[in-house]
Amino acid sequence: MELAVSLPLLLGLAWLLPLVSFALIVALGPRMGRGGRGAGFLASGAIIASLVLSLAALALWLTNHPIPPPHHGEHETAAHAAAAPVDEAAEPPLPAPASAAAPLAGDWYTVCEFGSLRLSIGYYIDALTVAMFVMVTLIASCIHVYSFGYMHEELHDVHDAAVLVDGRPLRRRGRFHRFYQYLSLFSFSMLGLVVAGNVFMVFVFWELVGICSYLLIGFYIERPSASRAGNKAFIVNRVGDFGMLIGLMALWGSLGTFAFGDRADAAGQIQPGIFSQVRSQDSHYSLVVPTGMVRFAARDEIETIYRTAANQAAAEAEVAAMLPRWRELGYGHGLLVIAGLGIFCGCVGKSAQFPLHVWLPDAMEGPTPVSALIHAATMVAAGVYLVGRLYPVFTPDVMLVIAYVGCITLFIAATIAITATDIKRVLAYSTVSQLGYMMLALGVGGWLAGLYHLFTHAFFKSLLFLGSGSVIHATGTNEMPEMGGLAKKMPWTAWTMLAGCLAISGAGVPLLIGLSGYYSKDSILAQVFSFKVHHSFHGWIFYAAAAGGAAITAFYMFRLWYMTFAGKPRDEHIFEHAHESPRTMVVPLVILAFFAVTVAWQVPFTNISLSGLLEQARPVGTATGSSGLSMLAVTMPAETESHATEIHVPVSLTAFIAALIGFALATACYGLRTLDPAEASREFPHVYRFLRNKWWFDELYQRLFIGPTLRIADWIADLDKRGIDRAIDGLARAARMVSGLDDWIDRWLVDGLVNRLAAWFYDAGLWLRRFQTGNLRQYVMFIVVGTVGLFVLVSLYWNYTVAG
Amino acid sequence: METAAINWHSFFFLLFALVACTFAVAMLLSSNIVRMAFYLVISLGAVSGLFFLAGADFVGALQLMIYVGGTVVVLIFGVMLTARAPFLRMRTGVAQWALAAIVGGCLLAVLLQAALSVDEWAPPSMVGENPPVSNTYTAAPLGLGVLGVRVDQLDEEDATLRNGMSGYLLPFEIVSIHLLVVLIGAAYLARTKRRPKEPTGDRQETVEPMISSGK
Amino acid sequence: MAEYLASYFDSQWHWVAYALVGLVQAGLLLALILTGAAVFIWMERKIAGRIQDRLGPSRVGGRFGWLQSLADGIKLIAKEDIVPAAADGLLFRIAPYISFMAAFSVFLAIPLADGWVALRMNVAVFFILAVAGLEVLGVVLAGYASGSKWSLFGAMREAAQVVSYEVPLGLCVVVPVMVVGSMDLVEIGRAQSGWFWQWLIFHDPFTFITFWVFFTCALASVNRLPFDMPEAESELVAGFMTEYSGFRWSVFFMAEYTSMFAVSCLAAILFFGGWNGPIPLATMIGLTPDNGALTEWLGNLLGMMNLIAKGFFGVTVMIWTRWSLPRLRIDQVLTTCLKYCIPLAAAMFLGAMLWLYAFPGGVVSRFVQTSPVGGTPTPVAVVDGKGGV
Amino acid sequence: MTIDLLTQPVGVSHYLVVGAVLFVSGAVAMATKRNAIGVLMGIELVLNGANLNFVAFGSSYLRGGSQGGVGLDGQLIAMFVIVLAAAEAAVALAIALNFYNNHATVDVDQGDELKG
């Protein structure tokens, strides 16, 4: 089958299977096996089938688009890169990308079409889509299987000790099936978000994953903290989505299309999508303000032209002639920036970036597999994914904003993670921090670096979360100070988690080989370093934050590991009861650990590697550095520049040393206990409290937004009560007076008449009542007498001649 | 004139009519409920004989089956409901009897006057002939009549009458549904509920379980 | 026959001839029934003896005790006629005759051979069902009039049982009526002339099953074991017959055997070809109406013997059943009727209807390629415009 | 006279007279019987009287074999009356039983709670 047919088919099937599972579980739910056990099998079967289909799609993609051998400058074979210095000058700027790896864009189904508004279920498939599919389905499969062990309590009635009803633990029915129902819905939504072929569809599935997140955070709905966290996540995301809507409106209002790719309409005419409008072939795929935006911005002038021109054709010609001029004048540039910022605003919400990052740590109220799947590996990465997907739209200024947001986020989150004691919270802040890394990389032009980190992070972070879940499952607590020494009790969990810690810290032999995090983090740092070449001020800030962040990352990760698994048990009771998790939970851990270590490696004896695959999906025209359309004169370095030896080598060493410092510090404080962390917190009480209270963000928002909102609401309520209600009361009083008058008329005039009549009838009835004696036999007599009487009457008065 | 041969049809008519009327009046005059039922059965049986004589075999058999059979059930109820004192009598006052007799007499007079005053209803002049009493076919024409095919009106001049009016299919169906509803309703009405205190009830209690065992 | 006799009288005395003929016919029928009853009682005692590993009556009348019933009868007639003090005298006295009359009246409409029927009716089946149902009247009256608890219980049970079983019985009877297309028993008998595979029981699987339901219900409606609730001597002394003795008691007894014989004859006519033997012997040796009145008469005589033999066989089976099966409880009796017999009969009714719809000509005659010997069943309801057929 | 009756064919009027007697007996029974079952029996008699009339009107024999009257309709109506009378009897008996359950008697004179 042709690739253009088979790929959408495969991915479409992989996408819809979880929906089928969801629908079936909704319909049958608790009736599927004992305690709804069947729901788990169904959902897992669906997602594993999706995984198989996605793998088939990947194989199909790779056979049709072979990855070229990694030439010099390719990142993951660092030794190779070091051996063959990059000849930057000899390499011409990348031309238009090879059409071999061109994305497949199209529609499965058109929902509706109103004029230029065309809503459709479409697809946009490139290497990134395929890779995301494999990653999402793989991790989701692991988590589905893992949840069999983790959620087994939900198979029967649950006593939730966290919620007290009348002083006793709440007893409720198990929700095993519901958990899998939500997981299926989430898998469907996430895959839909990935495969989406237009911004409209992206938005729909964006909200769908949001609602899944909301439902799953609030899975233990009886716990006030869980329902509050769910609401928080939902509301905070609304703030971001509001900006995203603005961005979407800006795009659609000016470009007239939602679709990413080009589409041939019924007449065979090519309808350009967003990407080809922003970076058209005419402008050699560099970012220009698209014609639509220019015309939108210059609509007053165009109107004038149309008023003055002789006919339409002439007016159109004049407009066409004026377009370059307007473009030069910067018409529509603001619109493009607004579109980019708006969309990024949505990504900020979903990916928990700096101002809106507060929801993610609270989202840890949900079950741990959910945290691993949604709040670490996939959904929160959707923001990064969307930035990567819409990369061609962002102007350098927007990119700078993205970079700053990412930079701030990564630093803040990393610092908070140092003092957190809840094992899941540490991981949550780590996630926020890593997402900041990705944003930073994308912001400084490192498209590949950002998305690369997305993939590697997905594996090791889901691994870490599942490991923490395993620990929580074994100990029944989230607090690290109550753990310790668990490595003896649960070796599998401990060692797989160690692999995850190493991966996230970027462990490896510099310039030679490392775990997956080593490659992605190195490429981010390299890109930042390369950016520093052009903008030393911004660059220094970014670089310092990134390198410092790397050190802090290593510190808090090993702090976590040591506090949990090493040393002596701090709570003997918990330690006694700890045990290794069941096989359904350990096997996914091992699988994910394998991928956390190896996902960035090249497949032996082939050219296949993750970075090579992603490179195929690089948006047209973003490979080269650019400085166009920047109001702040920002120049984005080309990503290939970062492969240069003079960048690569120092960055590798910096990263390695930073990680080493963090590791050493953690070992000293928590492993060997030569340094007492408590002492540090005593010595810097303000810093400690500052970090401990998460930079006072929640309190700040309380003061800034929530408090004023409540005050305004109070005020409006007052207005309602005092002003509007009183007016209505007065009206009602007047109405009562009028009705009192009516009442009098009704009672004395109308009713009086009717009552008098009724009284007469009543008297007549009383009189007639005497005939109803209740004596059956008397009635028979009445009937007989009546019949005879009638007969006599008829005989007397009936004219027999008529009757014949 | 030679005395005409006896008309057996008339003979049996007189026999059955006499039986029917006699036992109807006997039922009226009796005050023992079981005897009343017995007289009623005989009266109804005689009426079914009259039906046979009128050439309505099917209706006659139906009368025998349903009425007479149904009266057996009435009998049982009579036994059941009056079982407290074996031969319970409920006296009716003489004045009421007199009143009923007067009114009933008036009604009878009116009806007889009507019955005898129409010439068309007078006996046909077929002295000494015995119309066939049996070997009539009534079941099939009745069935066809229910369906709207009238075999008795094939030589009718009015085409609308001849070619079938709608028949009685709809009433027939309604009646069948009606019967079903009545059965259910009767079962509902007669179901055992709380009972008032029995003044003297040994006989009652011995009868009751037997009836309820018929559920 | 009546017209023939009447020709010897003056026209005003014709009624004497008619009355004579009527009396003679009734007497013949009565003789048949009474003889039959006597024989059945003897058979019952013999069969019961054999089944219980005894000899039964063996002395009266020489071998086999074949005059035992007669001796019993003489003894019963000679007994004192006792009416209890608490009884309702009139009803107590009249009740046995009502029962016997009902049982006897059934024979009015049963054709003993082709055309040999006291009163040929086109609704004969219906008539028989209606009249047979009257027997219960006598029982109920007897039970009430006896003024005895046992009698009342017996009568109540009888009423509940018979009224319930009339429903499946009627449904079963409708099946052969539907197959033949007539309620006239003579027509039904004629429709089965020929070889035994023309019998209605072999007409289709549904009629086959219907017969067994019919037989069960017939057993119940004549109060034979295992359905003899009204008598139930182990529970109710003798049920409605407790207070009876002597001749009245024997009348009840005769009524019972007469009804047994009647339902057996009815079953024979409805399902087993009536007067037609398994082999059309009469037709083979030329005893048909075509060869003159005498041969017709002889053929009919043969047919009558045939029918009586079948009726006897039916009664024998009933006796056999009685001494083989234990008695049911009253609730089991009614459960059998309402939960099994009625649904089964209704299903058979539907099935037979569909079968007729599917195979209008019948199946057996289609496979067995012999033409019916006694002529094909005549189609019913040939409308002649006078309401007759 | 007697001989006349025996030799003359019967006509519709004869039946009507019998029907009238039955009807009046029934009506008077309804009016005089205090026993609910007796009242029911009176109703049966009344219906039978009416039925007799229907059959008589529909019978061709009673008209010397000639057509006329109401034809088959008479028998059909009689049939419906019989069937509906069975239904009526079932309900009436159920009511009587219920009445008995509530009043411990079947004297209809006791059932005058709804009098005016």
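The model is predicted: local features need pLDDT of at least 70, side-chain atom pairs count only at pLDDT 80 or more, and totals for chains, interfaces and linings use all residues. Residues are numbered from 1 along each chain as its sequence is written, while chains are lettered from A and ligands numbered from 1 in the order in which they are written.

Helices (H or I, at least four residues) and strands (E, at least two) are DSSP runs, numbered from the N terminus. Axes are lines fitted to C-alpha atoms, for helices over the stretch in contact, and angles run from 0 to 180 degrees between N-to-C directions. The two pairs are set out here.

| Helix pair | Axes come within | Crossing angle |
|---|---|---|
| α2 (37-64) and α4 (127-150) of chain A | 8 Å | roughly 155 degrees |
| α6 (135-145) and α7 (149-180) of chain C | 7 Å | roughly 155 degrees |

In chain A, the angle makes α2(A) roughly antiparallel to α4(A) (over 145 degrees). α2(A) passes α4(A) in a left-handed crossing, that is, with the near helix turned anticlockwise from the far one by less than a right angle. Residues of α2(A) in contact (C-beta atoms, placed from the backbone, within 7 Å) include Ile47(A), Leu51(A) and Trp61(A), and those of α4(A) include Phe133(A), His144(A) and Phe148(A). By class, this contact has 16 nonpolar, seven polar and no charged residues. Ala, Val, Leu, Ile, Met, Phe, Trp, Tyr, Cys and Pro count as nonpolar, Asp, Glu, Lys and Arg as charged, and the others, Gly among them, as polar.

In chain C, α6(C) is likewise roughly antiparallel to α7(C), and α6(C) passes α7(C) in a left-handed crossing. Among the residues making the contact are Val136(C) and Tyr144(C) of α6(C), and Leu152(C) and Glu158(C) of α7(C). Nine nonpolar, three polar and one charged residues make up this contact.

Chain D has four helices and zero strands. Of its 116 residues, 61% are buried (20 or more other C-beta atoms within 10 Å of the residue's own, C-beta atoms being placed from the backbone). Among contacts in chain D with a separation of 6 or more, 51% join residues 24 or more positions apart.

Between chains B and D, 84 residues of chain B are in contact with 73 residues of chain D. Helices of chain B that each supply at least two residues to this side include α1 (8-29), α4 (94-116) and α7 (169-189). The chain B side comprises 60 nonpolar, 18 polar and six charged residues.

Terms used: Parallel < 35°, antiparallel > 145°, perpendicular 65-115°, else oblique. Contact = placed C-beta atoms within 7 Å. Buried ≥ 20, exposed ≤ 12 C-beta atoms within 10 Å, placed from the backbone.
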